[in-house]
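Biologist: Before we discuss this model, could you put it on the screen, so that each term we use can be set against its definition?

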Amino acid sequence: MPISFEGCGFGYHRGSRVFTDLELSLPEGRTALLGPNGSGKSTLLCLAASLLHPRTGRVRYRGLDPARRRDRARYRALVGWMPQGIRPLPGLTVREQVGYAGWLKGMPRRTAWRRSLAALETVELASLADRRCSELSGGQLRRVGLAQTLVHEAEVILLDEPTAGLDPAQRERFHEIMAQVGERSHLIVSTHDVQDLADAYGSVVVLDEGRVGYAGPVAGLMAHGGDTPAESIEHAYRRLVAQEV
Ligand SMILES: Nc1ncnc2c1ncn2[C@@H]1O[C@H](COP(=O)(O)OP(=O)(O)OP(=O)(O)O)[C@@H](O)[C@H]1O
C-alpha cells in the first residue's frame with residue numbers, strides 16, 4: 001500500500017544525479033526519513049509529492065503514477081506535502097489559507113472551507129482561524145502547514161523537517177499532534193532529530209548520498225548500535241552514514 005519508488009533516477013541538472021535506480025517502498029505508519037545534509041531527503045519527498053518527476057523509473061501509490069497526467073490529480077489528493085518553509089499567503093486568514101490548500105487539491109470551495117476548521121481544530125489553531133497568517137509565530141505557521149495537508153484528508157502525509165528550529169515546548173506539541181494525525185494517515189517525516197526516534201516513529205529510512213542505507217522498523221536500526229536505546233540509534237545512524245561515532 002505505501003508509496004514506492006521503482007528504479008527511480010533523478011538529477012536536477014544534466015550530468016548530476018541525486019538518485020540512480022532508487023528502489024524503495026515507504027513503510028506504513030509513522031516513518032522518519034534520516035540522512036546527512038544533501039543526502040536527498042527533500043528531493044525524495046518532492047518526488048513522492050509529485051512536485052518533481054523521476055527521469056527514469058516511476059513513483060507509484062495505489063496503482064497511480066503521478067508522472068501520468070491522468071493520474072496526477074487523484075494522486076495529489078491522496079498525498080499531502082508540507083515543505084520546510086510555510087509562507088503566509090498575503091492578506092489571507094489562517095482559515096482561508098488552509099481552505100485554499102484544499103481547493104487547490106480539487107475540493108469544492110464550500111467543502112474546503114468547512115473542512116478547514118476541522119483541520120485547524122486538529123492542529124489546535126481553531127482559536128486563531130480568523131487571524132492573518134502573516135501574524136503567526138514560526139511554530140504556529142508550521143501547524144498551519146500541517147493543517148493544509150489535513151484539509152483534503154490525505155492518506156499519506158509528507159513533512160519536510162517540520163520541527164526544525166522549534167523550541168522544545170513547540171516541538172513536543174508538534175510531536176503530539178503528529179501522533180494523533182499518524183493514527184489515520186501514513187506519515188513520512190524528514191528529520192535530523194535522532195533523539196525522539198523510538199518514541200515518535202515506528203519505522204525509519206536512512207538515506208546517504210541518494211542511497212538507502214536502511215529501511216525498516218526503528219528496532220532494527222537500533223540493533224546496529226550500542227547498549228542504551230538513545231546511544232544505539234545515534235551509533236547505528238552514524239555508522240550507516242559513515243560519520244564518526
Ligand atoms: N533546486 C535544486 N537545484 C539544484 N540542486 C539541488 C536543488 N535542490 C537540491 N539540490 C541538490 O540535490 C542534492 C540533494 O539535496 P536535498 O535538498 O534533497 O538533500 P536533503 O537531504 O534534504 O538536505 P538537508 O538535510 O540539508 O535539507 C544535494 O546535492 C543538493 O545540492
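Terms and values in the predicted model

Modeller: This is a predicted model, and residues 24 or more positions apart account for 64% of the contacts in the protein chain with a separation of 6 or more.

Biologist: How do you know what radius of gyration a compact globule of 245 residues would have, and what does the protein chain have?

Modeller: The rule takes 2.2 Å times the number of residues to the power 0.38. For 245 residues a compact globule would therefore come out near 18 Å, and the protein chain, at 18 Å, agrees with that. Along its principal axes the C-alpha trace spans about 50 × 45 × 30 Å, and 42% of the 245 residues are buried. The chain holds 9 helices and 9 strands.

Biologist: Why is Arg132 called partly exposed?

Modeller: A residue counts as buried with 20 or more other C-beta atoms within 10 Å of its own, and as exposed with 12 or fewer. Arg132 has 16 C-beta neighbours inside 10 Å, and is therefore classed as partly exposed. Arg132 sits in the loop between helix H4 (109–122) and helix H5 (138–150), and its C-alpha atom is separated by 31 Å from that of His192, which is 60 residues apart from it along the chain.

Biologist: What makes helix H1 mostly covered?

Modeller: Of the 8 residues in helix H1 (residues 41–48), 6 are buried, namely Lys41, Thr43, Leu44, Leu45, Leu47 and Ala48. Just after H1, Ser50 takes a positive phi of about 65°.

Biologist: Which residues surround the ligand, and how is their shell divided by class?

Modeller: The ligand is surrounded by Tyr12, Val18, Gly35, Asn37, Gly38, Ser39, Gly40, Lys41, Ser42 and Thr43. By class this shell has 2 nonpolar, 7 polar and 1 charged residues, where Gly is counted among the polar ones.

Biologist: What makes strands E2 and E4 the edge strands of their sheet?

Modeller: The sheet is an open one of 3 strands in the order E2-E1-E4, with antiparallel pairing. Strand E2 (19–25) and strand E4 (56–60) each pair on one side only, and they are the edge strands. From one strand to the next the twist averages 25°.

Biologist: How many bridges join E1 to E2?

Modeller: Two strands pair if at least two bridges are found between them. Strand E1 (residues 4–10) is joined to E2 by 4 bridges, and the two run antiparallel. As one example, Ser4 has Ser25 in E2 as its bridge partner.

Definitions and conventions
Residues numbered from 1 in each chain as written. Predicted model: local features only at pLDDT ≥ 70, side-chain atom pairs only at ≥ 80, totals over all residues. Contact = placed C-beta atoms within 7 Å. Axes fitted to C-alpha atoms, helices over the stretch in contact; angles between N-to-C directions. Near = placed C-beta within 6 Å.
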